Amino acid sequence: MRDIRKVAVLGAGTMGARIAAHFANAAVPCRLLDIVPNALTREEQTKGLTLASPPVRNRIARAGLDAALKSRPAAFFSPESAQLITLGNFEDDLAALKDCDWIIEAITEDLAVKRALMEKVQAVRSPGAIVSSNTSGISIASICAGFRDDFRRHFLGTHFFNPPRYLHLLEIIPTSDTHREVMEAISRFGDRVLGKGIVVAKDTPNFIANRIGTFGTLYALRIMQEDGYTIEEIDALTGPALGMPKSATFRTLDIVGLDVLARVVKNLRDSLPQDERRSRFEVPGFVEQMTQRGLLGDKTGKGFYKKVKDKGESEILTLDLATFEYRARKRAAFPSLDMARNVDDLRERVKMLFAAPDRAGQFYRKLFSATFHYAAMRVPEISDHIVSIDNAMKWGFGWEMGPFELWDAWDIERTAEDWTKENLPLPPLVEKLRASVGKSFYIRDGGTTSYFDWASAGYRTMPERPGVVLLPELKARQKEVKRNAGASLIDLGDGVVCLEFHSKMNTLGGDTVQMIHAGLKALDENFDAMVIGNQAANFCVGFNLMLILTAIQEGDWDEIHHAVRSFQNATMALKYAAKPVVAAPFGMTLGGGAEICLHAARVRASAETYMGLVETGVGLIPAGGGTKEMLLRALDSVPADPDADPFTYVKEVFVNLGMAKASTSADDARKLDYLTARDSISMNRDRLIADAKQVALDLVRLGYRAPQPRTDIRALGQPAFAKMKLGLHLMRRAEYISDYDLVVGTRLAKVLSGGGEFTSPQLVSEQYLLDLEREAFVSLCGQKKTLERIQFMLKKGKPLRN
């Protein structure tokens, strides 16, 4: 197979443009083509353009790209990536497809239209070029039926999920003609280059995730109507409490669009005459009424929810399905749900919720009895493997556990007995399982996972994925070297130890700092390199604010001094360790989490890393060496030119830290100088630990030498301090910042200027700046406004900015 170096996306609608954007995120040049308009807009007429003008002929592709650039959440890692996309149209630019290695069709869901376009593609593509369809509802085989042999052998379905940047799933659907090498090439490229989780699906209507997910959604709506649940109650029950996304059911439908839901449901109903639950594929009457009223969700500004502003404050209203008027949201109250929130282990939480005697438990048992039955009946129709179905739901719908994993957590035998009482036929898969010695779909033993296999009616060991390290499996294999409440040391093999955080939200505390030192001691004595990483929802959200709040309330300033100094000592020990330390951040990497990365020898970041020193949001400044390290990076980047003004570089740090800026991606983190040119990025987070381990081993192989503590840092002194204070006062006068922001900003400016006392630039040490950081941090802890901001953050989960 030839390498995939250039791609084309045909169709610049919502999906097509965002697929092209994700190729650009992966640094893969992409052509984005669409139809030629048949009429001029008024603006084009005013400009004197004609239907032959290139801007007119590419207008639809341009509109798609512009929409992707404006989309929220952002489709691009950074807007500059859009430069990798070349626009065109189906009439003028199809010949350019001869240079493309992979051509993806993402046009309207109409078989005749798709086949007509594929006829044109067949005429211009190079032999060996891969062609795929992003259809979600049309048979893949029907799109390429009757085409040339080489075309059919290189044709398959590649179903991305919207938004492609954020949803991990890529369903690959081969036909009977698709070459195995083609499927493997796309799987490999999707995994390593695009960062996708690959699931191979059979060529059945809506494939795997949308088939199961749509059934479950419609069944939840049915229960709501039959049993009198509210919109808020359904969303509370189908959200994070059960390991599902915050958008739950109705917020997700608003994002997707009710018109899209109706189209998917109709396609399924029309395409599944033999489905035993075909009658369930029908949208409720209230969805039809909402569609008629234009309440389609985000695309029309209102759906099940509507965002309004009142006196500058935003409020989310809920649709009353009886009157179709919007009302204030009502809190969902379920005793079992409140209790379950205190249970961290999802399997135990599922067991508790499914067994609950209240309305929450009744909902779960009813919904998942039907969902489990439907999922089991789909084997082997949509896939031969339960693992593929579970992965599709986890990666495409954001579930933490797939349906068969959830079923294991509940009670397979009890569910089967309930079906017998209801005269529901047992799915053949369940009959095979019950006939075997197994009592669950998965067996986990000593770090090895086996799954129940349909074909053999027995258990098969889950195949290893080269380049993927699973920390829980290593711990199950007794590779955990040391552990406390906040962190662990895990032997990754090949002389590399991993420092893993595992406190709630991976916040930092005394136990974490203790384990950092223990890890460095183990590194010095028994290992060649260290990776700092974990596989939770986020890398680290910063220092435990509750610990700081408690110390402030008790007036224990010595304890705060000690905690800050201990953390500073830990980050400096990481920076000057004799052997390489590689940080592997992902997701939220904030405050102290970012400071750990700043002091690592190298960083291997997930593409989706949201890194920032955000302490000013709670009235503090970065004091774990973060302010010092960012100042050092800024000053080191000043050109040798004698006319270069170092304050220009320091001012940028002042603005970024003062405004608590966090990156929107790893690419953006590089712009903000949280990542350096030496740091690297992994597109697939599943591979992050293994990638970071390889970076560490490469440093060892190249003869890593630790840096020396710096004593040559240029503190700019009073002139810089005065300029930063002037900027703060101007911002306050313009009401961009509050009075207390002015206080915090002044403290930050003092540190960045080296204390604000030198009348001219002086050379200072890292320790000098660390002392300034600590002094500023502790003094701000004594301010009433800082106390209020921390309390607000802990209560609401976001900083107060007034």
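**Burial and salt bridges in a predicted chain**

Colleague: In which loop is Phe207 found?

Modeller: Phe207 is found in the loop between strand 8 (197–200) and helix 9 (209–227); helices (H or I, at least four residues) and strands (E, at least two) are DSSP runs numbered from the N terminus. This is a predicted model, in which local features need pLDDT of at least 70 and side-chain atom pairs pLDDT 80 or more, while totals for chains, interfaces and linings use all residues. Residues are numbered from 1 along each chain as its sequence is written, and side-chain values use heavy atoms, without hydrogens or water.

Colleague: Why does Phe207 count as buried?

Modeller: Phe207 has a relative accessibility of 1%, and buried means under 20% relative accessible area, exposed over 50% and partly exposed in between (1.4 Å probe, protein chains only). Phe207 therefore counts as buried. The backbone of Phe207 has a positive phi of about 60°, although the residue is not a glycine.

Colleague: What makes Ala27 count as exposed?

Modeller: The relative accessibility of Ala27 is 55%, so Ala27 counts as exposed. Ala27 is not a glycine either, yet its phi is positive, at about 65°. The residue lies in the loop between helix 1 (14–25) and strand 2 (30–34).

Colleague: Why is Val655 called partly exposed?

Modeller: Val655 has a relative accessible area of 37%, and is therefore partly exposed. Val655 belongs to helix 27 (residues 646–658). In helix 24 (residues 557–575) one finds Asp558, which counts as exposed because its relative accessibility is 62%.

Colleague: What makes the chain as compact as a globular protein of its length?

Modeller: The chain comes to 33 helices and 25 strands. Its radius of gyration is 28 Å, close to the 28 Å that the globule rule gives for 802 residues, so the chain is as compact as a globular protein of that length. The radius is taken over C-alpha atoms, and the rule is 2.2 Å times the number of residues to the power 0.38. The C-alpha trace spans about 80 × 70 × 60 Å along its principal axes, and 55% of the 802 residues are buried.

Colleague: What makes Asp453 and Arg460 a salt bridge?

Modeller: Their side chains meet at 3.5 Å, N to O, and the rule asks for a side-chain nitrogen of Lys or Arg within 4 Å of a carboxyl oxygen of Asp or Glu. Asp453 counts as buried, at 2% relative accessibility, whereas Arg460 is partly exposed, at 43%.

Colleague: How do you know that Asp686 and Arg465 meet in a salt bridge, and what does the pair tie together?

Modeller: The N to O distance is 3.4 Å. Asp686 lies in the loop between strand 23 (680–682) and helix 29 (688–701), and Arg465 in the loop between strand 14 (458–461) and helix 21 (471–476), so the pair ties together parts that are 221 residues apart in sequence. Asp686 is partly exposed, at 24%, and Arg465 counts as partly exposed, at 33%.

Colleague: Which parts of the chain does the pair of Arg710 and Asp636 link?

Modeller: The closest N and O atoms of this salt bridge are 3.0 Å apart. Arg710 is in the loop between helix 29 and strand 24 (713–715) and Asp636 in helix 26 (residues 626–636); these distant parts of the chain are 74 residues apart.

Colleague: How many salt bridges does the rule count?

Modeller: The count comes to 54 salt bridges. A network of salt bridges links Arg211, Asp275, Glu276, Arg378 and Glu381.
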